Structures are given as C-alpha cells and as structure tokens.
Amino acid sequence: MYNDKIVFVAVSSHNDAKLIVTTIRTMPVFLDHIIVVDDMKSDETAETASAAGDRRAEVVRHEVNMGVGGAIISGHRRAMEIGGDIDVVMAGDAWTLADSFQISLSCLASSRRRRLTRSPS
C-alpha cells in the first residue's frame with residue numbers, strides 16, 4: 001500500500017527465467033501485488049516466477065506471443081480485475097530498479113491517473 005492506494009506492478013516477461021526471481025525479490029514492500037505476464041516463453045520463466053517465494057506474485061500466461069505491448073495490457077487488465085488503485089509496469093529482466101518507482105508513485109498517487117509505465121533511466 002502506498003498513500004492508502006493498493007499498488008500493482010505488471011511485469012512483462014519473455015524468456016526471463018534467469019532474472020525473474022531477482023526482479024520479484026527486489027520489489028519494494030509497498031507493492032501489494034506482482035503480476036508476472038509470461039508472454040509465451042521457451043524457458044522456465046513462469047515456473048521460476050511461481051517458485052520465487054513471494055506471496056504477492058501471480059503468473060498470467062499467454063498462449064501465443066503478444067509482444068511487450070500485449071503483456072502490458074494483460075497485466076493492466078488483471079490489475080483492474082483484482083481491484084488495484086494504481087498499476088505500474090516493469091520488465092522482467094531486472095533492468096529497471098524496482099525502488100525507482102517510489103518517486104513516480106508519489107506523483108501518481110496524488111493525481112487522478114491510474115497507470116504508470118516506467119522506462120529504464
């Protein structure tokens with residue numbers, strides 16, 4: 001929870017088995033739910049994410065590769081289904097530092113916007 005808002009992160013992933021656990025384990029405690037979107041991988045990304053040991057994590061699997069855009073949309077849809085106040089996007093390759101969301105969230109939580117896509121900085 002961040003400023004009384006339920007916060008979700010949608011993690012788009014495709015063949016990120018080697019880094020998905022790092023991505024999940026570096027998520028800040030204020031993130032309430034982690035949605036890992038497995039975009040038709042050819043490795044063990046989904047299984048590795050499921051076994052990461054974080055109760056906040058859930059895996060959504062695509063039957064066909066929909067690309068990063070499709071993975072982001074699937075993550076946003078799932079967050080809306082569950083009822084998050086804010087959902088943000090992050091890649092599954094541990095490229096974006098999870099703690100970099102706090103600055104952006106402080107702006108987003110005080111606005112009427114619901115979504116934030118964060119690029120590596």
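Me: Where do Arg 78 and Glu 81 lie?
Reply: Both lie in helix α3, residues 67-82. They sit 3 residues apart, about one turn of the helix. Helices here are DSSP runs of H or I with at least four residues, strands are runs of E with at least two, and both are numbered from the N terminus.

Me: What do Arg 78 and Glu 81 form?
Reply: Arg 78 forms a salt bridge with Glu 81, with the closest N and O atoms 3.0 Å apart. The term needs a side-chain nitrogen of Lys or Arg within 4 Å of a carboxyl oxygen of Asp or Glu.

Me: Are they buried or exposed?
Reply: Arg 78 is partly exposed, at 26% relative accessible area. Glu 81 is exposed, at 59%. Buried means under 20% relative accessible area, exposed means over 50%, and partly exposed is in between, with a 1.4 Å probe and protein chains only. Salt bridges that share partners also join Glu 58, Arg 78 and Glu 81 into one network.

Me: Before I go on, what kind of model is this?
Reply: It is a predicted model: local features need pLDDT of at least 70, side-chain atom pairs count only at pLDDT 80 or more, and totals for chains, interfaces and linings use all residues. Residues are numbered from 1 along each chain as its sequence is written, and side-chain values use heavy atoms, leaving out hydrogens and water.

Me: Back to α3. Which of its residues are buried?
Reply: Gly 70, Ala 71, Ile 72, Ser 74, Gly 75, His 76 and Ala 79.

Me: And what comes just after α3?
Reply: Gly 83, which takes a positive phi of about 110 degrees. Next, Asp 85 has its place in the loop between α3 and β4. Asp 85 counts as partly exposed, at 34% relative accessibility.

Me: What does the side chain of Asp 85 reach?
Reply: The backbone nitrogen of Ile 6, at 2.7 Å. Asp 85 and Met 1 are 84 residues apart in sequence, but 9.6 Å apart in space, C-alpha to C-alpha.

Me: How many salt bridges are there in the whole structure?
Reply: A search finds 4. One of them pairs Arg 56 with Asp 54, at 2.8 Å from N to O. Both of those residues are buried. Lys 41 forms a salt bridge with Glu 47, at 3.7 Å between the closest N and O atoms. Lys 41 is partly exposed, at 23%, and so is Glu 47, at 35%.

Me: New topic. Which residues touch the most other members in the largest nonpolar core?
Reply: Val 9 and Leu 105, in a core of 19 residues. The elements giving two or more residues to this core are β1 (7-13), α1 (20-25), β2 (33-38), β4 (86-91) and α4 (101-109). Apart from it lies another core of 6 residues, among them Phe 8, Val 60, Ala 71 and Ala 79. A nonpolar core is a set of buried Ala, Val, Leu, Ile, Met, Phe, Trp, Tyr and Cys residues joined through side-chain atoms within 4.5 Å.

Me: Why would such side chains group together?
Reply: In soluble globular proteins, nonpolar side chains tend to be buried together.

Me: Last one. What pattern does the chain follow?
Reply: Along the sequence it reads β-α-β-α-β-α-β-α-β. The chain has 4 helices and 5 strands. Buried residues make up 48% of its 121 residues.

Methods:
A polar contact is a pair of N or O atoms within 3.5 Å; within protein, one must be able to donate a hydrogen and the other to accept it, and residues adjacent in sequence count only if both atoms are side-chain atoms.
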